[in-house]
Amino acid sequence: MKNLISISELQDKEILQMVKIARKFKKNDKSISVNKVKNKSLALIFQKPSTRTRLSFEIAMRELGGNSIFLSESDLQISRGELMKDTAKTLSEYVDIVAIRTYNNSDIQEFIDNSSIPIINALSNTNHPCQALSDIQTVIEKKKSLRNLKIVWIGDSNNVLNDFLFASLKLGANFSIVCPKKYSPNKETIKIAKEILKENKSTLSITSDPMKAVIDADVVVTDKIISMGDKNKELKKKAFLPKYRVTEKIMSKAKDDAIFMHCLPAVRGEEVSEQVIDGNNSVIWQQVENKLHMHKALIWSLSLIHI
């Protein structure tokens, strides 16, 4: 792995290896040497707001002995028309690794095509691989393995779903997406998922009935209904609410030891009830913690490649 764009580009062994490394960092395993990361610099280019992703990357780099530089779009000349490729070439002369949070996935690809350093997709309009990797870590910590797990996603088909879906299928989970038909995954996401299914004993179903879909689920996941950049917000809310709100009634259909996941930020009372997000089955704070350890694993792994 020279860069991280999407989980679709990783092998199942690579996903599990990243989880293994992240868990070592979480346990403060001294067998991992961070000498290769010391004094290296990470540039964070964020065109979108962030709480957890920004903080976890900055703290991860600091605890590894490196430095991070946060750059909003207004801090850079791209806000005045400089080409992304010129920015990429410039940063390659100054820093050792770049994490980009952008509205367009094409910006990340252009950065990679014009960089001599590793690039991490810290969120784009189509993907959120960092979130997927840390969430897979959380599932493995709670369930040991994803093989034959029943995972149910209730909500919008967004960038977070895409990479979590790809990772789950690669690791052998049976995945259900529950949403209004109009908001089903796009053709490209389904195409990639079907290609993954050919190589794994996984299953994928798409339905509009949350009560049926969640029966005997091991993992129930949701996300905000309204994502950054969404239009027709009120129309979208009407399509999802209240039917697709994860409530105690919905969770009661899942297994007793099912876990509830949400990458945050959440709109409590909208896509999920207060009782569920703060309930005993919720693992949202474990998800938050694991972002820090997974980001350490990513920085460490990519730094070893680019020495």
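User: How many salt bridges does a search of the whole structure find?

Analyst: A salt bridge here needs a side-chain nitrogen of Lys or Arg within 4 Å of a carboxyl oxygen of Asp or Glu. By that test, the search of the predicted model finds 10 salt bridges. One of them joins Lys-296 and Glu-63, with 2.6 Å between the closest N and O atoms.

User: Is Lys-296 buried or exposed? And what does Glu-63 count as?

Analyst: Each residue is read by its relative accessible area, where buried means under 20% and exposed over 50%, with partly exposed in between. Lys-296 has 9% relative accessibility, so this residue counts as buried. Glu-63, at 45%, counts as partly exposed.

User: Where do Lys-143 and Asp-257 lie?

Analyst: These two side chains form a salt bridge with an N to O distance of 3.5 Å. Lys-143 belongs to helix 5 (residues 129-143), while Asp-257 is in the loop between helix 10 (248-251) and strand 9 (259-262); the pair links distant parts of the chain, 114 residues apart. Lys-143 is buried, at 16% relative accessibility.

User: What separation in sequence goes with the pair Asp-278 and Arg-268?

Analyst: The side chains of Asp-278 and Arg-268 meet in a salt bridge at 2.6 Å, N to O. Asp-278 is in the loop between helix 11 (274-277) and helix 12, and Arg-268 in the loop between strand 9 and helix 11, so the parts tied together are 10 residues apart in sequence. Asp-278 has a relative accessible area of 45% and is partly exposed. Arg-268 also counts as partly exposed, at 36%.

User: Which residues are linked in a network of salt bridges?

Analyst: Arg-23, Lys-26 and Glu-141 are linked in such a network.

User: Which residues gather in a patch of negative charge on the surface?

Analyst: For a patch, take residues with over 30% relative accessible area and no salt bridge, and join like charges within 9 Å. Asp-12, Glu-188, Glu-195 and Glu-199 form a negative patch on the surface. Among them, Glu-195 is found in helix 7 (residues 187-197). Glu-195 has a relative accessible area of 41%, so this residue is partly exposed.

Note on methods. Residues numbered from 1 in each chain as written. Predicted model: local features only at pLDDT ≥ 70, side-chain atom pairs only at ≥ 80, totals over all residues. Heavy atoms only, no water. Buried < 20%, exposed > 50% of the residue type's maximum accessible area, 1.4 Å probe, protein only. Helix = DSSP H or I, 4+ residues; strand = E, 2+ residues; numbered from the N terminus. Patch = residues over 30% accessible without salt bridge, like charges linked within 9 Å, V, L, I, M, F, W, Y side chains within 5 Å. Areas by Shrake-Rupley, 256 points an atom, 1.4 Å probe, with all protein chains shown as cover. Lys, Arg positive; Asp, Glu negative; His and termini not counted. Charge placed at Lys NZ, Arg CZ, Asp CG, Glu CD.
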